Amino acid sequence: YSVFAGDNNLVANNIRPLESSQFRFTTDQIDNLRIEAQLVTERGEALSPRQSTVLGLGNSTASAATAAPQEAEVAAKAAVELPKIIAAQILNVRSGPGTNYTILGQITQGSTYEIIGKNPAGDWWQIDVGLPEKGWVIGQLVSTNGDTGQVAVADNIPNAPQVAAAPAAAAPAAEAPPAAAAPVVAAPAPSGGGSFGYGVQAHMVDANNEAFVMNLTKGMGFNWIKQQIEWKRFENVQGAIEFGPMDSLVNAANAAGVNLLFSTVNAPDWAREPGFDAGVGGPPQDPQTFANFNGAVAAKYCGSSLKAIEVWNEQNLHYEWGNRPLNPAEYVALLAPSYAAIKAACPSMYVISGALTPAGNNPPYAADDFQYLEGMFKAGVANYADGIGAHPSGYNVPPSATWEQACEAIQKHGNSFNGACDSPHHSWSFRSTMEGYWNIMNVYGAGNKKIWPTEFGWAAGGAFDPRYAYANDNTFEEQAQWTVEAYQMMKNWGFVGPAFLWNLNFRMVANGTEKAQWGIVDPGGAPLPVYNALAAMPK
């Protein structure tokens with residue numbers, strides 16, 4: 001059965017339809033709605049959801065019709081005194097306290113509901129949305145009004161959905177769906193995020209160049225490689241993960257003795273929200289679908305060269321977040337079930353939060369990365385990440401210059417790109433970005449964690465795209481000098497984990513594009529000055 005969202009009961013309670021313009025109900029729920037409609041007709045007034053429950057609408061017409069008016073008044077008064085949640089955004093309501101429970105529907109931003117229970121961990125609230133089946137919302141995405149200390153643990157929490165066994169490593173991906181994530185509360189606590197290391201980002205997927213990339217990486221004395229893994233490339237059909245290209249990368253890294261970081265991004269079409277913007281990449285409608293993919297990857301490669309998974313990328317930019325509103329709490333809600341799934345499959349795997357791009361506030365296109373990072377910590381990111389991802393860009397500013405010094409520094413070196421002078425901001429400075437992140441981490445009690453710069457570097461040798469004109473200001477010699485200096489600074493700071501230079505081989509695989517401006521070998525694979533400088537750099 002379906003009831004259109006225009007029905008008074010739904011509108012009054014701000015219930016958003018689950019599919020199109022309808023909200024689905026079971027036969028029993030339809031009977032209850034008929035009973036309530038009858039009472040409205042007989043009495044000439046609508047009943048609140050709480051009054052409907054007190055009057056016994058889930059039991060029988062007789063009990064509802066004969067309940068004393070005094071009881072309804074007492075119950076209604078008690079309901080007003082209960083603490084409430086206030087939705088900070090459009091939010092899923094689930095059948096239980098976890099992202100692996102069924103979605104019952106959605107509530108709208110600003111809507112208010114009574115809290116009638118909590119889960120044992122206290123991070124999910126049970127609410128009454130006027131249906132016989134009580135709903136649950138994640139506490140990170142709501143504010144509360146009233147004394148929540150009086151809220152008791154619910155005594156009717158449904159059992160968590162059955163967790164499927166992880167597929168065997170030798171089984172074809174299409175024959176076994178990925179393992180479902182464990183509830184977040186069951187995952188081990190995050191670690192400190194490892195130790196400093198020398199890494200570089202490369203592109204190897206579908207390029208048949210794994211051995212060449214491994215040799216180039218080892219030739220610099222580096223011990224980490226990052227590869228971006230587009231989820232939509234590997235799970236085009238839900239439950240059928242194509243592991244073959246990832247197998248090639250992992251096997252090559254195993255043979256070379258190099259550690260891998262996979263950065264997982266871009267939901268397939270089947271996982272995105274209705275009416276999504278296909279012109280940009282974006283997250284899934286249900287974070288659990290992404291968690292299933294990440295958990296399956298962690299399970300298959302646990303104990304191999306794959307040591308870390310970065311969950312998403314630059315989520316403070318509109319084109320990385322599906323042209324949806326940029327919301328740090330929404331990102332944490334995406335990260336949390338993936339953390340649980342990865343750790344359930346492979347407790348030793350590092351989980352790294354998606355790196356932000358340095359930016360100022362420019363809604364709806366970009367959110368200031370300092371403010372966004374603070375929002376992530378307020379939403380609980382420290383509970384779901386071993387390390388904090390970062391993309392401290394270099395632009396045309398030397399790594400040791402703070403943002404306050406950046407204008408003077410670029411003028412000394414000679415510049416045609418004036419960003420640091422025309423619009424002073426921390427984002428122009430590698431140093432100020434890194435130190436700013438570290439300060440925020442300490443404010444929020446995460447000083448035990450490491451920052452993982454999963455992309456950093458200086459474009460050089462001329463701009464291939466006018467939007468990146470600062471590449472015209474940087475010579476190959478400056479690129480070499482500044483990159484070595486940045487590695488030395490990060491090693492000495494002591495709060496940095498593996499640092500990944502962007503990039504190794506995009507002059508080879510995507511020459512002429514803006515990405516190639518950062519490449520450290522030429523289109524034929526021969527080393528540029530920065531490659532030789534890094535190879536000679538003391539480790």
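**Exercise 1. Determine which residues surround M490, and whether M490 is buried or exposed.**

Solution. Leaving aside neighbours within four places in sequence, M490 is in contact (heavy atoms within 4.5 Å) with F196, F430, M434, P453, F456, V496 and A499. The model is predicted, so local features need pLDDT of at least 70 and side-chain atom pairs count only at pLDDT 80 or more, while totals for chains, interfaces and linings use all residues. Residues are numbered from 1 along each chain as its sequence is written, and side-chain values use heavy atoms, with hydrogens and water left out.

Next, M490 is placed in helix 15, residues 476–493. Helices (H or I, at least four residues) and strands (E, at least two) are DSSP runs, numbered from the N terminus. The relative accessible area of M490 is 0%, so M490 is buried. Buried means under 20% relative accessible area, exposed over 50%, and partly exposed in between, with a 1.4 Å probe and protein chains only.

Finally, M490 and R431 are 59 residues apart in sequence, and their C-alpha atoms are 9.4 Å apart in space.

**Exercise 2. Describe how helix 15 and helix 17 pack.**

Solution. Two packed helices are described by the angle between their axes and the distance between the axes. Axes are lines fitted to C-alpha atoms, for helices over the stretch in contact, and angles run from 0 to 180 degrees between N-to-C directions. For helix 15 and helix 17 (residues 529–536), the angle is about 30° and the axes are 8 Å apart. The two helices are therefore roughly parallel to each other; angles under 35 degrees count as roughly parallel, over 145 as roughly antiparallel, 65 to 115 as roughly perpendicular and the rest as oblique.

The contact is made by F476, E477, Q479, A480, T483, V484 and Y487 of helix 15, together with P529, V530, A533 and L534 of helix 17. By class, these residues divide into eight nonpolar, two polar and one charged. Ala, Val, Leu, Ile, Met, Phe, Trp, Tyr, Cys and Pro count as nonpolar, Asp, Glu, Lys and Arg as charged, and the others, Gly among them, as polar.

**Exercise 3. State which residue forms a salt bridge with K343, and whether K343 is buried or exposed.**

Solution. The partner of K343 is D386, and the closest N and O atoms are 2.9 Å apart. K343 lies in helix 10 (residues 328–345), whereas D386 lies in the loop between helix 11 (369–378) and strand 16 (387–390), so the pair ties together parts 43 residues apart in sequence. K343 is buried at a relative accessible area of 5%, and D386 is buried at 0%.

Conventions. Salt bridge = Lys/Arg side-chain N within 4 Å of Asp/Glu carboxyl O.
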